[in-house]
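Please look at the sequence and the structure below before reading on.

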Amino acid sequence: MISPHALALIASLVWIAGCAAHFEAEAAGDKVAIGIKTLAAPGAFELRNEGSAEVSLLRSLAVEKKSGEKWEPAPVTLQLIESCAEKPASECITLAPRAVFRPVPWNGYSCGGQCPEPCRANVYLGPGTFRVVATTCDRKHHFPSPAFTLPAAPG
Amino acid sequence: MRGELAPPLTPDASGLWRRAISIAPGSAQLKMTVKPTVKTPAIVTPDALFKCTSIQAAGEVTLNGAAGDNPTGWTLGFIQAQWIETNWGYYRGQTNNDGSVFIQRGRAPARPARGCRDTVGPVADIWYYKSVLGTAAAGATFPLKLTSTHYDRPSDSYPLATTNNKTKKLNFLSEVQLEFHFCFVLTLRDPSLKFHHLKCVYWNVLWQAKFAATGYAAPAGSGWSVTPVAGGNGAHVGHVIDGAPNDARFNNVLTSVQGANCNVFANHETTNPNRSESRVWQNFDVTR
C-alpha cells in the first residue's frame with residue numbers, strides 16, 4: 001500500500017520529470033513556490049503550487065517579450081481561467097499544495113488572446129520569445145514561466 | 001514641399017539649430033500588403049463570434065539631411081481612428097409570449113457618439129502600435145529611409161441567449177449587425193513632436209446575420225443555424241489618399257488628448273449595452 005504522501009511525491013516527480021527541460025520556478029522566499037510548465041502548443045502552459053501551503057495568485061498574468069537580453073512588457077494580459085465560461089468574481093485564485101492549474105491557452109493576440117472579446121485594435125504579437133509571469137495576490141512574489149516562442153503567423 | 005509647412009529646426013553636428021532635415025518630396029509610400037475578409041459568424045457556445053482576417057499595410061518615407069545632421073527623434077508609424085460603429089443584437093423567445101430583447105451597443109450611453117483613437121496600448125501612446133515604429137538613430141546617414149507596418153484584426157461576439165427580465169424566459173439570438181469603420185494614417189513625427197500625416201486609408205468590416213436555434217434548453221440553446229444577410233457582410237479597403245485625412249468625424253481624435261481608446265469603448269458598450277425588453281416578439285428600431 002502506498003501512502004497518499006508518497007503518491008503526491010511520485011506525482012510531483014512525474015510532473016517535473018515530464019518537462020524537465022521546460023520547468024522553471026522562482027521560489028521567492030518563505031514557502032511560496034509556483035512552477036510554470038509550458039506545454040506543447042505555443043502559448044499553452046500550466047501552473048503548479050510546489051509549496052506545502054496554499055498560495056493565492058492574481059488572476060491576471062503579465063506577458064513579457066524578449067528584446068535583446070531584456071524582458072519587456074507585452075501589450076496583453078492573460079487570465080487564470082480554465083474555461084471561457086468562467087466569470088471570475090474575485091481578483092485572485094487559491095492553489096492548494098501541489099494543485100495544478102491549466103489556464104485557457106494564449107493564441108498570441110493582443111486582444112481576445114484567450115476568449116472572445118470586443119476587439120478593435122488587435123495585433124498578433126509573434127514571432128518572438130515570450131514568457132508569462134504569475135504574481136501572488138499580495139504582489140510580493142513573481143513567478144516567470146520558461147521562455148516559449150510564438151511563430152511568425154498565428155496557428 | 002510647396003503648400004506645406006517648412007520642416008522643423010533641429011540641431012546640426014555643431015549644435016547649431018537650423019532647418020536641416022526634411023522629408024524627401026514624394027518619398028512617402030503606403031502599400032496594402034494584406035486585405036481583410038470577414039468570416040461567416042461562428043457558433044462557439046455560448047457565443048456567436050464575428051471574426052475577420054487581418055488587414056496589413058507597410059509604409060515608408062525618406063528623410064534628407066546633410067552629413068552630421070542628427071535624425072534622432074524622427075519617427076514613422078501609424079495612427080488609426082474608428083469613426084462609425086453599428087452594433088446591435090436582437091433576441092427572441094421560443095414563443096411570442098417568451099418576449100424579445102434588443103441589445104444596442106452602438107449608441108449612447110453604451111457608446112459615446114464620437115470617434116475614438118484605436119491603439120493597442122494605452123490611448124496616450126497615440127501610435128496604433130508602438131512596437132513597430134520606424135525610428136532614426138544618431139549617426140544615421142542620409143538619405144534615411146524609415147519604415148513601419150500596420151496590422152489589425154477586429155472582432156466581436158454576442159451571447160447566444162439572454163434572460164428576458166419581463167417574462168423570465170430565455171430569449172435566443174435572432175439577428176446581429178456590426179459595422180466598424182476605420183481610417184489609418186501613415187504619419188511622421190518630428191523631434192518637436194509635431195505629426196506630419198503623409199497618407200491615409202479608409203477601411204471597414206461588416207457583418208449581418210440571422211440566427212435560429214432548433215433546441216431551446218438553457219443555457220444557450222442548440223442546433224444553431226446562421227444565415228448571412230445579403231449585402232450585410234464584407235470588408236472594404238479604400239484607395240490610398242495622399243496627405244492628412246480631412247474628415248471632421250475623426251480628425252479631432254487622431255493626436256489629441258483622449259481618455260480612452262477604441263478597445264475601452266468596445267468593452268464598455270459590451271458590458272453596459274442599452275437594453276430594451278418586451279413581453280412579446282417586438283420589432284425594435286435598430287437606429288436608436
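His141(A) sits in the loop that joins β9 (128–135) to β10 (142–144) of chain A. This is a predicted model, and everything said here about positions refers to that prediction. Is His141(A) buried, exposed or partly exposed? His141(A) has 19 C-beta neighbours inside 10 Å, and a residue needs 20 or more to be buried, so His141(A) counts as partly exposed. Along the chain, His141(A) and Gly113(A) are 28 residues apart, and their C-alpha atoms are separated by 25 Å.

**The two chains**

Chain A contains one helix and 11 strands. Chain B has one helix and 20 strands. Along its principal axes, the C-alpha atoms of chain B fill a box of roughly 80 × 30 × 30 Å.

The table sets out some values for each chain.

| Chain | Residues | Buried residues |
|---|---|---|
| Chain A | 155 residues | 32% buried |
| Chain B | 288 residues | 44% buried |

Contacts can also be sorted by how far apart the partners lie in sequence. In chain A, 54% of the contacts with a separation of 6 or more are between residues 24 or more positions apart. In chain B, 75% of the contacts between residues at least 6 apart join residues at least 24 apart.

**The nonpolar core**

Which residues have the most contacts inside the largest nonpolar core? They are Leu173(B), Cys183(B) and Phe184(B), in a core of 93 residues. Strand β15 (residues 169–189) of chain B gives the most to this core, namely 12 residues. Leaving aside residues up to four places away in sequence, Phe184(B) touches several partners, among them Phe78(B), Ile79(B), Tyr128(B) and His150(B). Cys200(B) and Val201(B) are also touched by Phe184(B).

**A sheet in chain B**

One open sheet of chain B has three strands in the order β5-β6-β13, with antiparallel pairing. In β6(B), Asp47(B) is the bridge partner of Val44(B). In general, strands of a sheet pair through backbone hydrogen bonds.

**Where the chains meet**

Between the chains, 13 residues of chain A are in contact with 25 residues of chain B. On the side of chain A that touches chain B, nine residues are nonpolar, three are polar and one is charged. For the complex, the predictor gives an ipTM of 0.92 and a pTM of 0.89.

**Confidence**

The mean pLDDT of chain B is 94, and 93% of its residues reach 70 or more. Chain A averages a pLDDT of 85, with 80% of the residues scoring at least 70. Over residues 7–29 of chain A the pLDDT is below 50, although this stretch has 26 contacts in the model beyond near neighbours in sequence. Where pLDDT is low, predicted coordinates should not be read in detail.

How values were computed: Residues numbered from 1 in each chain as written. Chains lettered and ligands numbered in written order. Predicted model: local features only at pLDDT ≥ 70, side-chain atom pairs only at ≥ 80, totals over all residues. Contact = placed C-beta atoms within 7 Å. Nonpolar A, V, L, I, M, F, W, Y, C, P; charged D, E, K, R; others polar. Helix = DSSP H or I, 4+ residues; strand = E, 2+ residues; numbered from the N terminus. Buried ≥ 20, exposed ≤ 12 C-beta atoms within 10 Å, placed from the backbone. Core = buried A, V, L, I, M, F, W, Y, C linked by C-beta atoms within 7 Å. Pairing = 2+ DSSP bridges. pLDDT = per-residue confidence, 0-100.
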